[in-house]
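This report describes selected parts of one structure in plain terms. Please look at the sequence and the coordinates before reading on.

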Amino acid sequence: MNLHAIKAIYAFEMGRFLRTIFQSIASPVLSTSLYFIVFGSAIGSQMTEIGGVSYGAFIVPGLIMLTVLTESVSNSSFGIYLPRFTGTIYEVLSAPVEVGEVILGYVGAAATKSVIIGTIILGTARLFVPFEIVHPLATAGYLVLIAVTFSLFGFILGILADGFEKLQIVPMLIITPLTFLGGTFYSISMLPPAWQTVTLFNPIVYLVNGFRWTFYGKADVNIAVSLGMTVLFMVVCVGIISWVFRTGYRLRT
Amino acid sequence: MDTIIAIKGLEKTYASGHKALKGIDLDIRRGEIFALLGPNGAGKTTLIGAVCGLVRPTGGTIIADGHDISKDFRAARAKIGLVPQELATDMFVTVWNTVAFSRGLFGLGPNKAYLEKILKDLSLWDKKDAKIATLSGGMKRRVLIAKALSHEPKILFLDEPTAGVDVELRRDMWQMVRRLREQGVTIILTTHYIEEAEDMADRIGVINKGEIILVEDKTALMRKLGRTEVVIGLKEPTSAAPTISGHTPLISEDGLTLTYVIDGDENDEAPADLIKRLAQSGMDFTSINMNRSSLEDIFVTLVQ
C-alpha cells in the first residue's frame, strides 16, 4: 500500500478546498439558509406536522442530503476532471499507485469536504428550527456513507466527462430533480397512491428517508432497505472505477 | 554492458488503427545519456509513454531496472522520473507543495533537505513559495523537472526539455543533466535541437515511422556518417585542380572555388594535410573554409 501517495493526493485535494474555502462553504450555507427561511419559517409555519415532526424540522435531513449529494458529486468529479483537463494527470498515471489508492485519495478528500459542509448546514439549520436527533451516531455514519458513495459516483462522472459543461449536467439535471422529488419537502404518503409507487423507483427516496430515520426514528421506507440500496450503489461505483483503471478507459491511450 | 531498460518487440496500435510503434527493440545502458531523435509523429512520445505507464502497449515487453513495467509496475515506476513535453502544471499550488506532492505520490516520505537541494540546483529555491501560475514558461519547465526528480529516480525521461526555453536556461539545464549523469542517473531525452544531442549524448537512436532505424555511439556515428568539406577560394581560376591524397575536388563554374570532401572515417589530420600539400603544389589561394557535417545533416539523410 502506497500510504504516502494516498496522503499526498488527499492533502492536495484538501488544499484545493481550503484555497476556495469561502465559496466552498458560503454558497451551500446561503442557499440552505434561504430554504429554511422560505420553507421552514415562512411556509412551514402554515403547515401541519408530518408524523409528529414540525414541517421545519421535517425538511432538515432532506436539505442536508440535497447539499451533500450535489457537493459530493461536483467536488469529486471536478477533482479528477481538472487534472485530466490540464494534463497533470500524467503524474498520477506514471506513479507507482494502484486504483484503490487513487480512489482513497481523491474520493476520501471529496467525501471529507461534503461531510464538513453537511455538518455546517446541520448547525445552520439548528439556528432556524428546533429539532432533536434520535440516533446521532447513525446520522454521522449515514452522512459519511452517502458522502463516500456520491463522491465515488462523481469520480466516475469526472472520468467520463469530456467537457466542463458535462460536469454540471448530472448534478443539475439528475441529482437535484431526483432529490426534490425524493421526499425532501414532503412525505411520500402525501402523494396519490400511483405516484407513491413511481417514487419508489427514485433511489434518492431511500437516501433521504434513511437519513430522516436517523433524525426522528421514523421514515416512509424501512431503514434496512435504505441502507441496502445505498451500499449497493456504492459497490457498483467501486466496480466501475476499478474497471476504468484496469482498462485505462479515458485515462491511458 | 549493463542494461537498465530493455525494450523487446514493443508495439502500439491506437484504436484508430494507427501503428505508432512497430516492434521496437532497444536497450538503454545504465548511466548513459541517450538521445532519441526523430521527426514529429515518429513515435518518440509514444515510446516514452509506454515505458512510463501512460500508454498501454499492444505488444512486447519492457524491463526497467530489472522490473517488468506491467507485472511489477510499482517497483518499475518508482525508479522512473518523467518530464513531459507539455507544460502541464497545477497553477494555484506553490512550487514547494507541488514538488512535495510528487515525492509523496511516488511513495516516499518527506525529505526537506533533498527537495531543497533539487530546488537550489534548478535555481528555484527563491521561488519555492510562489504559485506556479506566476512563473515564466522556463521556470515552469524547471518545476516539472524538480517534480520528476523529487522521488530520486534512477532513470529520467526528458521529452523535449528545452522546447521554448531561452539559451541561458537551456545551458543551465544541460549542466544539470550532466550533473545527474555524474550521480549515476540514466537519462533518455528527445530533442529537436540536434546540436544538443550532438553535444550531450553518449548514444543516439533515430526513430522514424514507429521503427528504430539506427542506434549508435555518437562519436562512431559522426565518424561513420559525418564528413568534412574543405572549400578553397583561388586567386586565379583553374580548370585542372590537383587530386591530393586521393581526393579529387569539385571545381566551381568560374573555376575559382575547389571543394574537397573528406569522409568522417579518415584521419583527423586529413584536412590540414590536404591544405599543406595544396600550398606545396604552388596554387595561390585566398580563403579556406571547412564545414563539418552536423548530426542534423546525418539525421536528415537518415529519415529521408
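How many residues does the contact take from chain B, and how many from chain A? The model is a predicted one. In it, the contact takes 27 residues from chain B and 23 residues from chain A. On the side of chain B that touches chain A, α2 (73-78) and α3 (95-105) of chain B each supply at least two residues. The largest share of that side, five residues, comes from α3(B). By class, the side of chain B that touches chain A divides into 14 nonpolar, seven polar and six charged residues.

Two packed helices are described by the angle between their axes and the distance between the axes.

| Helix pair | Angle | Axis distance |
|---|---|---|
| α3(A) and α7(A) | about 165° | 10 Å apart |
| α2(A) and α3(A) | roughly 155° | within 10 Å |

Helix α3 of chain A covers residues 55-86, and helix α7 of chain A covers residues 164-184. Their packing angle of about 165° makes α3(A) roughly antiparallel to α7(A), because an angle over 145 degrees counts as such. The crossing of these two helices, α3(A) and α7(A), is right-handed. Residues that α3(A) brings to the contact include I59(A), L63(A), L66(A), V73(A), F78(A) and Y81(A), while those from α7(A) include L167(A), V170(A), P171(A) and I175(A). The contact of α3(A) with α7(A) has twelve nonpolar, eight polar and no charged residues.

Helix α2 of chain A spans residues 21-43, and its axis crosses that of α3(A) at roughly 155°. That makes α2(A) roughly antiparallel to α3(A). The crossing of α2(A) and α3(A) is right-handed. From α2(A), the contact is made by P28(A), T32(A), Y35(A), F39(A), G40(A) and S41(A), and from α3(A) by G56(A), I59(A), L63(A), T67(A) and E71(A). These residues of the contact of α2(A) with α3(A) divide into five nonpolar, five polar and one charged.

**Helix α5 of chain B**

Helix α5 of chain B runs over residues 137-149, which is 13 residues. At 1.5 Å a residue, α5(B) should span 18 Å, and its end C-alpha atoms are 19 Å apart, which agrees. Buried residues in α5(B) include R141(B), R142(B), V143(B), L144(B) and I145(B). What covers the buried residues of α5(B) includes α4 (89-94) of chain A, and from chain B β6 (80-83), α3, α4 (112-121) and β7 (155-159).

**Loop residues in chain B**

K131(B) lies in the loop between α4 and α5 of chain B. Is K131(B) partly exposed or buried? K131(B) is partly exposed, because it has 16 other C-beta atoms within 10 Å, whereas a buried residue needs 20 or more. Not counting residues up to four places away in sequence, K131(B) touches M91(B), F92(B), V93(B) and T94(B). The C-alpha atoms of K131(B) and T98(B) are separated by 9.6 Å, although these residues are 33 residues apart along the chain.

S123(B) is also placed in the loop between α4 and α5 of chain B. S123(B) is not a glycine, yet it has a positive phi of about 55°. With 13 other C-beta atoms within 10 Å, S123(B) is partly exposed.

E152(B) is found in the loop between α5 and β7 of chain B. E152(B) has a positive phi of about 50° and is not a glycine. E152(B) counts as partly exposed, with 16 C-beta neighbours inside 10 Å.

Note on methods. Residues numbered from 1 in each chain as written. Chains lettered and ligands numbered in written order. Predicted model: local features only at pLDDT ≥ 70, side-chain atom pairs only at ≥ 80, totals over all residues. Axes fitted to C-alpha atoms, helices over the stretch in contact; angles between N-to-C directions. Helix = DSSP H or I, 4+ residues; strand = E, 2+ residues; numbered from the N terminus. Parallel < 35°, antiparallel > 145°, perpendicular 65-115°, else oblique. Left-handed = near helix turned anticlockwise from the far one by under 90°. Contact = placed C-beta atoms within 7 Å. Nonpolar A, V, L, I, M, F, W, Y, C, P; charged D, E, K, R; others polar. Expected span 1.5 Å × (residues − 1). Buried ≥ 20, exposed ≤ 12 C-beta atoms within 10 Å, placed from the backbone.
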